[in-house]
Amino acid sequence: MVIKRKRRRIEDGLSDEEEDPYTLINIEDILSPIEVPTDIVRRPALRRILRSTQIDALAKTSMEFIEGEKNFNKVLCRLSAILHQDDPRYLDLTFDRTPAQIKKYKEDTEAAKAAAATLTAAKNESDAVDDLDPKELAEKVEKTCVPLEAKKEDDEPKELEEEDYTEEGVDVEARSIVKRVKELLLENINYSNEYMSCLQEARNKLCKASMQKEALWKELLSAAKEEDRRNKAFEGREYN
């Protein structure tokens with residue numbers, strides 16, 4: 001809304017700086033409470049509130065969040081079904097490792113620990129990191145790792161510790177990890193379902209508010225038109 005100030009003549013003895021920029025603004029009309037509901041249609045500030053599209057935009061955004069979370073939830077449910085061996089395409093999936101795989105895993109773990117210990121010891125021996133000799137450090141790491149890598153796997157694997165296999169030959173460590181992953185998946189699926197439920201509830205309220213706002217606007221607009229029609233008819237009778 002453009003407001004034009006009333007120009008005053010120089011003869012009045014008033015300069016432009018003394019002109020009131022709010023001459024044509026009726027503050028009482030803006031701030032005063034409405035007398036009848038149809039005033040909402042006639043006042044631009046109040047009319048702008050009912051015609052605003054922010055509620056519809058929020059409802060659309062919430063729907064986008066719901067769709068994104070639903071896609072993520074599908075991935076979690078699919079992975080959970082695979083781990084529980086409920087997916088027909090992964091019925092032959094097994095989580096048990098062979099004795100050779102467990103032995104190799106132990107050797108790799110020990111080699112990594114030895115290399116980390118060597119690096120830590122070499123760093124502690126030197127006062128500054130820049131003074132470390134890369135060749136000497138590489139030799140220390142190589143000496144530690146070579147004996148483990150040089151070991152050849154026996155034709156018949158050695159007996160494994162009791163913590164790795166039970167009497168039935170089940171990989172206890174792998175099964176415990178899979179069990180923990182299943183629990184975490186179930187927990188995340190429940191959180192995802194709860195989040196989608198909250199989003200859906202918020203969207204339902206936004207859609208309901210939007211419908212109520214639209215119905216209120218139509219009702220007020222119809223009432224304002226009817227009121228204007230009655231006023232014109234009354235003025236016509238008075239004129240006659």
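Helices here are DSSP runs of H or I with at least four residues, numbered from the N terminus. The model is predicted, so local features need pLDDT of at least 70 and side-chain atom pairs count only at pLDDT 80 or more, while totals for chains, interfaces and linings use all residues. Residues are numbered from 1 along each chain as its sequence is written, and side-chain values use heavy atoms, with hydrogens and water left out.

Let's start with Asp 87, which sits in the loop between helix 4 (54-83) and helix 5 (99-125). Asp 87 counts as buried because its relative accessibility is 7%; buried means under 20% relative accessible area, exposed over 50%, and partly exposed in between (1.4 Å probe, protein chains only). Its side chain makes a polar contact with the side chain of Arg 78 at 2.7 Å. A polar contact is a pair of N or O atoms within 3.5 Å; within protein, one must be able to donate a hydrogen and the other to accept it, and residues adjacent in sequence count only if both atoms are side-chain atoms. A polar atom of the Asp 87 side chain also lies 3.0 Å from the backbone nitrogen of Arg 89.

Now for the core. The largest nonpolar core has six residues: Ile 40, Val 41, Leu 50, Trp 217, Leu 220 and Ala 224. Such a core is a set of buried Ala, Val, Leu, Ile, Met, Phe, Trp, Tyr and Cys residues joined through side-chain atoms within 4.5 Å. Helix 7 (172-239) gives the largest share, three residues, and helix 2 (39-42) is the other helix supplying at least two.

On to charges: a search of the whole structure finds 10 salt bridges, each a side-chain nitrogen of Lys or Arg within 4 Å of a carboxyl oxygen of Asp or Glu.

Arg 51 is partly exposed at 41% relative accessibility, and Glu 214 is partly exposed at 32%. Lys 205 and Glu 201 both belong to helix 7, four residues apart, or about one turn of the helix.
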